[in-house]
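Dear colleague,

I am passing on the structure below, and my notes on it follow directly after.

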Amino acid sequence: MRVQVGGEQYALPVEHVHEVVDLGEVTPVPGAPDSVLGLRNLSGEIVPAFDLARVLEIERDGQARRLLVTECNAQRVAFAVDDVINVGPLAGTMQESESRHLLASTVLDGVLVGVLDVDALFDSIAPEVGR
Amino acid sequence: MTAAEVTPDLIQIFREEAAEHLDGIVSCLIAAEAGRASGETTDALFRHAHSIKGSAGMVGLQEAGAIANAIEDVLQRARETGALSPLLTEPLLHATDALRRAIAGERGIAPAAVKALAAETPANGTPAERETPPENGTLAENRTPEHQAVEHHEVALDTPRDMTRPRSIRVAAHKVDRMLDAVSETVLHHRRLEHMLDGAPRRPDEAIEQEVNSGERLLGELQETVLELRMVPLSSITSSLPRAVRDLAAAEGKQVDLVITGAETQLDRVLLDGMSEAINHLLRNAVAHGIELPDVRERAGKPRRGALELHAEPRGGQVAIEVRDDGGGVAAAALAEGARRGSLVDVLAEAGFTTTEGVSEIAGRGVGLDAVKRQVESVGGSLAIDTEPGRGTSTTLLLPATLALLRVLVVERGGQRFGLPLASVTEVIAVEQVMMLGGRPSILVREESLPLSDLAPIIGMVAPDLPEISRALVVEATNGRLAVACEEVIVEQEVLVKPLGRSLATVSGYLGAAILGDGAVVLVLDPAYLVRQAPRASAAIRVGAAAALRARQAPKVLVVDDQFTVRELQRSILRTAGYRVEVACDGREALDALVAKADFDIVVTDLQMPEMDGLALLGAIRADPDRSSLPVIVVTSRGSDEDRKRGAQAGADAYIVKDEFDQQALLEAVKRLVGAQ
């Protein structure tokens, strides 16, 4: 799945994404780190939503509009992105990446796409969960 | 507990628990037979038999109790002689088999089993040579290989069906949580439906209403049932404790017997998971710091073995978990400090106080207890310590039985709603006067001064200043009280509280989150955190809520008179009544003050003054669009009707004659025009 975050594009394996929902009403959590957007009601389950741009430490120019709902150790966690571009096979030459959140990077339709390391994402939002 | 209260559930729990003890007995006996027995093996055996004996009596299985008692007797003698003879293994194993059957509910086997055990284990703790089989007891028959096989068959196929395969299934905890979520969502869906029916232009017919009502009842039952699914007995986390305590005691050179009672007490799983570590801490503390070395105990006239008890019981809607030791108690210095500060828990929770002179490597009591306290408070529970020097210490955790359903008061701050556990809100009060004390705003609640804090800075929220502080919530937690100001108190509601989850585990201040009837997610505030955090956030409160405080401060009166005595008299009267007062010597000075500070609520002025008299001042005030409606009271020695008429024409709101002056008249006039203090 290819997503737009800030001015950049990222991809992650589609099997990690349970569903994609609109940002909707998110309750902020005062006192939480900046990367925490808040809590979202997903059919009765309270799911923490993180701003993917903040987690990746990149500039966000627009408002996040979509939430990618993923699962981490039996707990659902959502990541906010600007938009979902498409779902499809990720072709192209993979290049190693030095970013701790990326497995690799590739060029797709003339745009540089970072391939997200989902485990590393979970690691950075909740270090004790990943281990 | 009387037999009348014994439910099938309880018996089931007892059987599951007893099965573990039976297994424990068997493995100890096997170890003894193999020559691997130690004093601890006998103790462990003794504890298993003792636990079964105690609980069997409670659930009304007297036969099982009798057999366990007989086993205990044999073990007691073995304990006294200091060794568990391998020759005891077989008779004890046989008795254990009988015990297993008695626990399963078989009747009429105890007398024979007890007799057989007694016959095979004489009083000196060494079994007699078994030349002749004992009387026709069940056990006697077992000794022939043939019957032994039969017995095993029964054990393997018959009895265990009831005991080791309880009528229960294991389900992954998160599936139960998901189920609870789905049920809760259905409840909310139902509420919305009801809401829509209520708001429908045409009243729905009776049949529909009945269906909706019965749906609500059914959903309520469903929700309760699912919540019960999350309840697990304390025993689910205690299995490793006896071993841990034993190892720890050995490392400390101590002898400690841990007895766990009330292990069938049920708690919400989520809660229990969190408490496991706390209970561990308390037990470690008791062994490391509470219970003395055997020699010390002996000198103090106590048994060499320390007694440590972990006890749980339902208490009202809550569950009490108590760790009690018969050790040396808390150090006198800590006790004295606790008495001085009114809370022994707080003193002990601070690092630096331990019950022993030296701090052992195992656990500084302070650090651990602080963590326990936080853990307990984070789920809305409390911690109490009771100690008697030389006699021991008892630490009690009082926990809600279920985390899930909580009555909360929904409040609003900065456009966001929050839940505050209703149990922690002692009252909602109208704020009349805010006083500053040591730079911190405080209010009086029934003669007692309480610090007043804005909710926003406490929880690290960025919010606009409160427009005014008119109402405050008095919040009480185990660690103190405070008054919290917020914008609105919306509604009282029962909500299902869910933990924030591991990814937000580092965020403090909340018991969890809940979904309100309209589908919105609210955070549920942790009262203990508010009390703890408020003083630290006070600087932010002062800056942030300064405007709000001003708005609710006492009305400000400008007193204008050229005579010092009159000015000071009026100033003193008004001050005493709670108003803020500033003075001016004449109309000119008064006008300057009014322009310089816009926050005056009323002017009390003399008529005859140099520079600018009262009537001129009044005229100037009324002519100024910013101040034209400012109330003005005219005070003068002139009592003529003509003067009154001129004052009224100039726009005076009240007229007080000095000759008739009394403070009541002045106060009443001010009160009528700006409100009382």
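Glu57(A) is found in the loop between helix 1 (52–55) and strand 7 (66–72) of chain A, where helices (H or I, at least four residues) and strands (E, at least two) are DSSP runs numbered from the N terminus. The phi of Glu57(A) is near 55°, a positive value in a residue other than glycine, and with 10 C-beta neighbours inside 10 Å the residue counts as exposed. Here a residue is buried if 20 or more other C-beta atoms lie within 10 Å of its own, exposed if 12 or fewer, and partly exposed in between, with C-beta atoms placed from the backbone. Asp109(A), in the loop between strand 11 (102–108) and strand 12 (111–116) of chain A, also has a positive phi, of about 50°, although it is not a glycine; Asp109(A) is exposed, with 10 other C-beta atoms within 10 Å.

Please keep in mind that this is a predicted model, in which local features need pLDDT of at least 70 and side-chain atom pairs count only at pLDDT 80 or more, while totals for chains, interfaces and linings use all residues. Residues are numbered from 1 along each chain as its sequence is written, and chains are lettered from A and ligands numbered from 1 in the order in which they are written.

Chain A as a whole has three helices and 12 strands, and 39% of its 131 residues are buried. Towards the other chain, 22 residues of chain A are in contact with 26 residues of chain B, two residues being in contact if their C-beta atoms, placed from the backbone, lie within 7 Å. On the side of chain A that touches chain B, strand 5 (36–42), strand 6 (45–51) and strand 8 (75–81) of chain A each supply at least two residues, and strand 5 of chain A gives the most, with four.

In chain B, an open sheet of five strands has the order 2-4-5-7-6, with mixed pairing; two strands pair if DSSP finds at least two bridges between them. Strand 2 (256–261) and strand 6 (382–388) of chain B stand at the edges with a single partner strand each, so one side of each is left without a neighbour in the sheet. Strand 4 (residues 306–315) and strand 5 (residues 318–325) of chain B pair in the antiparallel sense over eight bridges, and the bridge partner of Leu310(B) in strand 5 is Val323(B). Helix 12 (residues 269–290) of chain B packs on this sheet, touching strand 2, strand 4, strand 5 and strand 7 (392–400) of chain B, and its direction makes about 20° with that of strand 5.

The axes of helix 11 (residues 241–252) and helix 12 of chain B come within 9 Å and cross at roughly 25°, the axes being lines fitted to C-alpha atoms, for helices over the stretch in contact, and angles running from 0 to 180 degrees between N-to-C directions. That makes helix 11 of chain B roughly parallel to helix 12 of chain B (angles under 35 degrees count as roughly parallel, over 145 as roughly antiparallel, 65 to 115 as roughly perpendicular and the rest as oblique).

Finally, strand 17 (residues 510–515) of chain B is mostly covered, with six of its six residues buried. Strand 17 and strand 18 (residues 521–525) of chain B form a hairpin with five residues between them, and Gly519(B) in the turn has a positive phi of about 90°.

With best regards
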